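Subject: Structure for your review

Dear colleague,

I am handing over the structure below, and I would be grateful if you could look through it alongside my notes. The notes follow directly after it.

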Amino acid sequence: MRAVAASAFLFAFTHSTQAETQFQKSISYFQIGGKTAADLDRELSNRGPLTQSTGARHPGATEIKFGGELTYVEKDGRCNIGEVKVTLHTKILLPRWKNRARTSADLALIWDTLSADIKRHEERHAEISRSYGRMLEKRLKGLRPQKTCEALQAQVADTTQKVMAEHDSDQQRFDRIESKNFDARMMRLLSHRLKAREN
C-alpha cells in the first residue's frame with residue numbers, strides 16, 4: 001500500500017560535520033460515493049490509489065521518497081564522512097466517503113471502523129520509513145575513513161542500497177501480516193465499537 005521512490009544523494013566536499021534527519025508528512029484524500037457496504041467496496045476498488053509496487057488499487061496508500069545530502073571531508077590524507085542529512089517525504093492518501101452523514105448508524109459504524117484502520121495502517125508505513133531514515137543516517141555517519149573519496153562514495157552507495165532493501169522488505173512484511181489478520185482485526189474492532197456505542 002505504498003509507492004517508494006529511489007533515494008538520491010548529492011555529494012560535495014566541505015568541512016562540516018553536522019547531521020540532521022528531516023521528515024515531512026502530508027495527508028490527502030480521495031472521495032468515494034455509494035450508499036451500501038457493497039457500494040463502498042466497489043468504490044474503494046475502483047477509485048483507490050493505484051500503486052506501482054502491486055499494479056493494483058488499494059483503499060489507502062503511502063507515497064515514500066527518501067533523499068538527502070552527504071559531504072566528504074579530506075583529513076590527514078584520508079576521506080571522511082562530513083555532513084549527513086537524510087530527508088524523507090511521506091504522503092498518505094486516504095478515502096473520504098461523501099455520504100457518511102446520510103447513512104444508517106450500522107453502516108456508519110462499519111465505515112468509521114474501516115477508515116480508522118486504513119489510516120492506522122498507512123501511518124504505520126510512514127513510521128517504518130522514519131525508523132529507516134534514522135537508521136540510514138546512523139549507518140552513513142558510522143562509515144570509516146577511506147584512502148580515497150571514491151572508495152568512500154562506493155561504500156555510501158552500498159550502505160544506502162542495503163538499508164533501502166531492508167526498508168522495502170520490512171514494508172512488504174508489514175503488509176503481509178496486516179492482510180493475513182484483516183478479518184479478525186476488523187471483527188475485533190467492530191465488536192469494541194459496538195460495545196462502546198451500547199454503553
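For the helix geometry, axes are lines fitted to C-alpha atoms, for helices over the stretch in contact, and angles run from 0 to 180 degrees between N-to-C directions. Helices (H or I, at least four residues) and strands (E, at least two) are DSSP runs, numbered from the N terminus. This is a predicted model, in which local features need pLDDT of at least 70 and side-chain atom pairs count only at pLDDT 80 or more, while totals for chains, interfaces and linings use all residues. Residues are numbered from 1 along each chain as its sequence is written, and side-chain values use heavy atoms, with hydrogens and water left out.

The protein has four helices and five strands, arranged along the sequence as β-β-β-α-β-β-α-α-α.

The axes of helix H2 (residues 105-141) and helix H3 (residues 149-180) come within 10 Å and cross at roughly 160°, which means that H2 is roughly antiparallel to H3 (an angle over 145 degrees).

Of the 199 residues in the protein, 41% are buried (under 20% relative accessible area, with a 1.4 Å probe and protein chains only).

How values were computed
Angles under 35 degrees count as roughly parallel, over 145 as roughly antiparallel, 65 to 115 as roughly perpendicular and the rest as oblique. Buried means under 20% relative accessible area, exposed over 50%, partly exposed in between (1.4 Å probe, protein chains only).
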